[in-house]
Amino acid sequence: MSAGAHVRLEGLKLAFGDMPTAEVDLDVRPGEIVVLLGPSGCGKSTILRALAGLLTPTAGRAEVDGKPAGGADTACAMVFQEDALLPWRSAARNVEYALKLRGVPRRQRLQEAEELLAQVGLEGFFDHLPGQLSGGMRQRVQLARTLATRPRVMLMDEPFGALDAQTRSEMQQLLISVWRQYGTTILFVTHDVDEALLLGDRVVLLSPRPAVVRGIVDIPGPRRPGAQFEPEFARRRYEILASLGDAPPAELSPEGA
Ligand SMILES: Nc1ncnc2c1ncn2[C@@H]1O[C@H](COP(=O)(O)OP(=O)(O)OP(=O)(O)O)[C@@H](O)[C@H]1O
């Protein structure tokens, strides 16, 4: 059985005061990566926050394995663009802290923290403080710390948005390898169509606020570095760009678009 949870948004309505922000139906299979793409301010982060239990729906349901999202046993972890590491704790101590919250006995924590950091490519940096690490390395620590909580759903809000292109590509590949190992369900918000094409099993296209699902694009998934630039992705790219209002003229569309 997959370690990832089944996520279901059913008639989910979210609002700030009298401003409707999202009206969404979506079914995410266990272990699937679903990318949310839509115009700035449409309500993507709000949807993730509802799944993390940080917002209460005005109507409908957000469920994780059939239980209301946000409960202690639904094991959703949020990952943000800005890392939320404790600056006075070393990389290993940051990860250990998450293990402590999970109830891992003290004598096992350091070893498990170091194993997780090694897994994200940070051997040799266990004792570094966040301020002594690059942005990409801090995101690696954050990923290790997230894995330490054994999440069944990762809610990733533009996690790589602040990284340079090379580091971003490395982090995408790291996420893919971690996902292959753990089978976690992932909801991933991005503005980057290439990132969506590389990572997603499906890309959900959202309307301007209030976010409504306008379409869903299935993505073939070799997930090799650069796969998103291969010809079979051209039609999907066109479809996504057209939905975002950025499509090139129809006469330039790829064959079959
Ligand atoms: N705490 C809040 N109180 C009131 N309005 C809010 C609050 N948080 C977000 N909003 C509003 O809700 C709308 C959706 O915000 P949200 O952050 O979900 O959008 P987004 O699609 O993630 O945007 P972006 O792509 O720019 O990050 C925006 O108009 C925003 O101003």
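Guide: The model under discussion is a predicted one. Val64 and Lys67 belong to the meeting of two strands: S4, made of residues 59-64, pairs with S5 in the antiparallel sense, over two bridges. Strands of a sheet pair in general through backbone hydrogen bonds, in either a parallel or an antiparallel manner.

The pair S4 and S5 is part of an open sheet of four strands, whose order is S2-S1-S4-S5 and whose pairing is antiparallel. Its edges are formed by strand S2 (19-28) and strand S5 (67-68), each of which pairs on one side only.

Elsewhere in the chain, helix H2 (residues 91-101) packs against helix H3 (residues 106-119) at an angle of about 115°, and their axes lie 8 Å apart. On the H2 side, the contact is made by Ala91, Ala92, Val95, Glu96, Leu99 and Lys100, and the H3 residues include Leu110, Ala113 and Leu117. Classified by residue type, this contact of H2 with H3 comprises eight nonpolar, five charged and no polar residues. The crossing of H2 past H3 is right-handed.

As to the setting, the protein chain has seven helices and ten strands. Its radius of gyration is 19 Å, close to the 18 Å given by the globule rule for 257 residues, so the chain is as compact as a globular protein of that length. Buried residues account for 38% of the 257 residues. Of the contacts between residues at least 6 apart in sequence, 69% join residues at least 24 apart.

How values were computed. Residues are numbered from 1 along each chain as its sequence is written. This is a predicted model: local features need pLDDT of at least 70, side-chain atom pairs count only at pLDDT 80 or more; totals for chains, interfaces and linings use all residues. Two strands pair if DSSP finds at least two bridges between them. Axes are lines fitted to C-alpha atoms, for helices over the stretch in contact, and angles run from 0 to 180 degrees between N-to-C directions. A crossing is left-handed if the near helix is turned anticlockwise from the far one by less than a right angle, and right-handed if clockwise. Two residues are in contact if their C-beta atoms, placed from the backbone, lie within 7 Å. Ala, Val, Leu, Ile, Met, Phe, Trp, Tyr, Cys and Pro count as nonpolar, Asp, Glu, Lys and Arg as charged, and the others, Gly among them, as polar. The radius of gyration is taken over C-alpha atoms; the globule rule is 2.2 Å times the number of residues to the power 0.38. A residue is buried if 20 or more other C-beta atoms lie within 10 Å of its own, exposed if 12 or fewer, and partly exposed in between; C-beta atoms are placed from the backbone.
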